Amino acid sequence: MPKMRAMVVPKAGAQLAAEEREVPEPGRHEVRIRVQACGVCHSDALTVYGHMPGLVYPRIPGHEVIGTLEAVGRDVDGWEPGTRVGVDWSPGACGYCEACRHGNAFACQNIHGATGVSSDGGYATHMLAHVSALARVPAELDSIEAAPLLCAGITTFNALRHSGARAGELVAIHGIGGLGHLGVQFAARLGFRVVAVSRGADKEQLARSLGAHDYLDSDRGDPAAALQGMGGARAILATVTDGKAMQSITPGLGPNGTLLVIGAVGTIPVDTLDLLMKRAAVKGWYSGTSVDSEDTLRFSHLNKVASMNEVYPLEEAQAAFDRMMSGKARFRVVLRMP
Ligand SMILES: [Zn+2]
Ligand SMILES: [Zn+2]
């Protein structure tokens, strides 16, 4: 039996190490995927540095996985070997718990954790996944291109489509990086009036080329005041990693506006009078489940939304991770499997 190859985190804080393992057999409700591509995401730092309670090492990171089904467990229905699939952060859902039955599969009470954190992920030639964690991939979509859509893509797309904003309404994308450069594209394709907000003038041209109708340089004035001058935002997608910046743009919300928080930045104070006078909200948004990923992939393919990627071979996963952590990658980093 040929062996699988993986880049594993041997213990918290250690460098990624190449390892050969037996190719695993899928359990009853599992599938085995021959991985083709896996995105390298900032959240992989949770696994690499051990910032998640209960992490068991060695662990294979990676939750932006594209590959083909190689084997299916004996109780898997509806999925055939050879099908190209994606796996995101969500490890799947049982389908029978209280949360699942109420349509909240993201909060499943029986299947917990996250791909590449509580179970081995996609920095490998092979991985196992629960069948409910699978998304179908449009045939025309390239595997490398598709991978980052399973985290940066689903998170921004799914938050925006649940933001309450309707076509024509003002939506601000705060931060133009790995998440924001996709957020601008999704917001424009969803028909919003899109304002990109970032520090400095150098991102303006890029933001406009991705579909932004306006650009606010937060170094040259208060973006919240500027948004108010435009009538106030129906939604602000906060992709910045700085709590202070997130707090300072919140007054830019208009009537019934929603600040969508999609990344953890700790605690931010919010002016409650401002919120109540506007009936505004600050809302967290978990990326989504496998069917949301499937929607994201299809929408991205149909509407030509794509991330800008830097590609590394699997064996150079450490260099790829360092590059992502440096913040200098434009904009997502993807591993290509041998
Ligand atoms: Zn991620
Ligand atoms: Zn459940």
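Modeller: Before we start, a salt bridge here is a side-chain nitrogen of Lys or Arg within 4 Å of a carboxyl oxygen of Asp or Glu, and please keep in mind that this is a predicted model.

Biologist: Okay, so how far apart are the closest N and O atoms of Asp75 and Arg74?

Modeller: They are 3.9 Å apart, and Asp75 therefore forms a salt bridge with Arg74, since the cut-off is 4 Å. Arg74 counts as exposed because its relative accessibility is 68%, while Asp75, with a relative accessible area of 30%, is partly exposed.

Biologist: And how many salt bridges does the count come to by this rule?

Modeller: The count comes to 19 salt bridges. One of them joins the side chains of Glu64 and Arg332, at 2.6 Å from N to O. Glu64 sits in the loop between α1 and β4, whereas Arg332 belongs to strand β15, so this pair ties together parts that are 268 residues apart in sequence.

Biologist: Are Glu64 and Arg332 buried or exposed?

Modeller: Both Glu64 and Arg332 are buried.

Biologist: What about Asp295, which residue does its side chain meet in a salt bridge?

Modeller: The side chain of Asp295 meets that of Arg161, with 3.1 Å between N and O. This pair links distant parts of the chain, as Asp295 is in helix α10 and Arg161 is in helix α4, 134 residues apart. Both residues also belong to a network of salt bridges, in which they are linked with Asp292, Glu294 and Arg298.

Biologist: Switching topic, why is helix α5 described as largely enclosed by the rest of the structure?

Modeller: The reason is that eight of the 10 residues of α5, which runs over residues 180-189, are buried. Among them are His181, Leu182, Val184 and Phe186. The helix is followed by Gly191, whose phi is positive, near 90°.

Biologist: Now the surface, which residues form a nonpolar patch there?

Modeller: That patch is formed by Leu273, Leu276 and Met277, which together have about 360 Å² of accessible area. Leu276 lies in helix α9, and it counts as exposed because its relative accessibility is 57%.

Biologist: Last one, what lines the second largest pocket?

Modeller: The second largest pocket, with a volume of about 250 Å³, is lined by 18 residues, and those nearest its centre are Glu30, Ser119, Asp120, Leu128 and Ala129. Strand β6 provides the largest share of this lining, with five residues. Sorted by class, the lining of this pocket has nine nonpolar, six polar and three charged residues.

How values were computed. Residues numbered from 1 in each chain as written. Chains lettered and ligands numbered in written order. Predicted model: local features only at pLDDT ≥ 70, side-chain atom pairs only at ≥ 80, totals over all residues. Heavy atoms only, no water. 1 Å grid on protein atoms, 1.4 Å probe; cavity = no way out; pocket = protein on both sides within 12 Å on 5 of 7 lines; lining within 4 Å. Points joined across faces, edges and corners; volume = space filled by probe spheres on them. Helix = DSSP H or I, 4+ residues; strand = E, 2+ residues; numbered from the N terminus. Nonpolar A, V, L, I, M, F, W, Y, C, P; charged D, E, K, R; others polar. Patch = residues over 30% accessible without salt bridge, like charges linked within 9 Å, V, L, I, M, F, W, Y side chains within 5 Å. Areas by Shrake-Rupley, 256 points an atom, 1.4 Å probe, with all protein chains shown as cover. Buried < 20%, exposed > 50% of the residue type's maximum accessible area, 1.4 Å probe, protein only.
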